[in-house]
Amino acid sequence: MPGVTYATGQSVAEPLPQFMASFKITPHDQIYINGTSSFRMPASIMTYADRYSISNGQLSTRHARGLQPEFAIGEEIGYRHTGFVNLSLALFNYNFTHRQLSTTTYSGTQAISESIDAGGQTARGAQIEIGLRPWHHFSPYVSAQYEHATIDNNLKAAATDGTTVYMPTAGKNAVNTPEVTVAVGLNYDNGSVFAGFNMNYIGKQYSTFMNDESIPSYETFNMNMGYRFKSFWYAKHPQIQLNLINIGNNGYLSGTSSIKTNGQAMMVNGHQVAASAPQYYVGGGFAGVLSFTTGF
């Protein structure tokens with residue numbers, strides 16, 4: 001097409017130092033500390049491409065320039081105990097620059113995946129996991145995480161008059177990041193009969209950088225049950241299993257597919273910034289799946 005950018009490309013090299021150390025207090029108790037670094041480029045190839053309107057064939061979006069890779073430094077300190085009760089506790093801190101977020105935009109009705117540079121971000125929190133080794137064939141499990149993630153920069157946006165403004169996003173909560181997540185499970189397995197139940201709780205998640213729109217917390221409940229038969233003829237360890245997914249058919253939004261700067265119109269330094277509505281993923285409804293497997 002006339003005027004289209006023939007080729008774009010970028011090469012990036014980053015040192016990625018790692019540090020890990022642990023100390024055994026007893027044969028069953030350990031403390032550890034980790035220091036890690038990582039980086040990644042924008043995940044979507046469409047970030048590098050010119051885009052044209054489906055309706056009139058005119059250039060609608062020019063490819064991004066001056067892309068910067070996401071770079072992160074993380075620190076974690078924790079404690080582990082192994083035995084009849086397995087326990088893990090950890091505190092973590094992550095600092096990001098040029099945080100890369102995946103989002104969906106639309107050209108007409110065509111969905112296009114691209115990446116957003118969300119600037120700096122800080123995430124701090126704590127994790128805990130507790131699991132019990134099988135006791136009378138039962139093994140319960142609980143895990144939880146608290147994470148406080150904030151945006152470190154004021155992000156750019158286009159006002160209705162074409163002016164570029166900086167939105168007051170510094171200090172706002174990061175999008176698509178629930179503060180609290182919890183998982184609870186209970187399994188039974190005597191070698192032949194097996195069953196399991198698990199509950200997952202996901203806290204509220206913001207869908208705009210200005211934190212003026214969000215999706216509520218939700219929980220899902222799942223079960224599985226089955227029976228393992230003895231091997232016979234050519235069939236090795238045949239098994240029948242029933243999975244019940246989202247018991248109660250809980251309706252929920254599971255995440256944000258199209259992240260926006262602000263869901264409500266606002267004035268920034270005398271310039272009007274129009275509202276833009278995020279779009280969401282709808283969680284799956286109830287499903288029952290019956291399966292039969294065997295080896296040969």
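Residues are numbered from 1 along each chain as its sequence is written, and side-chain values use heavy atoms, with hydrogens and water left out. Because the model is predicted, local features need pLDDT of at least 70 and side-chain atom pairs count only at pLDDT 80 or more, while totals for chains, interfaces and linings use all residues.

The strands come first. Strands are DSSP runs of E with at least two residues, numbered from the N terminus, and two of them pair if DSSP finds at least two bridges between them. Strand β2 (residues 29-40) and strand β5 (residues 70-81) run antiparallel and are joined by 12 bridges. Within this pair, S38 stands opposite A72 of β5. On to the next pairing: β5 is also joined to strand β6 (residues 85-97), again antiparallel, by 11 bridges. Here G74 has Y94 in β6 as its bridge partner. The two strands β5 and β6 make a hairpin with 3 residues between them, and G83 in the turn has a positive phi of about 160 degrees.

A further set of pairings involves β10. Strand β9 (residues 121-132) runs antiparallel to strand β10 (residues 138-151), with 11 bridges between them. E129 stands opposite S143 in β10. The hairpin of β9 and β10 has 5 residues between the strands, and H136 in this hairpin takes a positive phi near 55 degrees. β10 is joined to β13 as well, by 9 bridges in antiparallel fashion.

Next come the spaces in the protein. They are found on a 1 Å grid over the protein atoms alone: a cavity is a set of points where a 1.4 Å probe fits but cannot get out, whereas a pocket is an open set with protein on both sides within 12 Å along at least five of seven lines. Lining residues have an atom within 4 Å of a point. Grid points are joined across faces, edges and corners, and a volume is the space filled by probe spheres set on the points.

The largest pocket has a volume of about 1100 Å³. It is lined by 36 residues, of which S115, I116, D117, K156 and T261 are the closest to its centre. At least two lining residues come from each of β7 (100-107), β8 (110-117) and β11 (156-158), and β8 gives the most, with 4 residues. By class, the lining of this pocket has 14 nonpolar, 16 polar and 6 charged residues. In this count Ala, Val, Leu, Ile, Met, Phe, Trp, Tyr, Cys and Pro are nonpolar, Asp, Glu, Lys and Arg are charged, and the others, Gly among them, are polar.

A search of the whole structure finds 1 cavity of 30 Å³ or more. The largest cavity has a volume of about 40 Å³, and its lining is made of E147, H148, A149, N173, A174, T177 and E179. By class, these are 2 nonpolar, 3 polar and 2 charged residues.

One of the cavity residues, T177, is found in the loop between β12 (164-166) and β13 (180-189). T177 counts as buried because its relative accessible area is 17%; buried means under 20%, exposed over 50% and partly exposed in between, with a 1.4 Å probe and protein chains only. The side chain of T177 reaches the backbone oxygen of V175 at 2.9 Å. Leaving aside neighbours within four places in sequence, T177 is in contact (heavy atoms within 4.5 Å) with E147, A149, K204 and Q205.

Some other single residues remain. Most residues other than glycine have a negative phi. H98, in the loop between β6 and β7, has a positive phi near 55 degrees and is partly exposed at 30% relative accessible area. H237 is found in strand β18 (residues 236-245); its phi is also positive, near 50 degrees, and with a relative accessible area of 63% H237 is exposed.

G270 lies in the loop between β20 (266-268) and β21 (271-273) and counts as exposed, at 60% relative accessibility. G270 and V165 are 105 residues apart in sequence, and their C-alpha atoms are 9.8 Å apart in space.

Key:
Polar contact = N/O pair within 3.5 Å; in protein donor to acceptor, adjacent residues only side chain to side chain.
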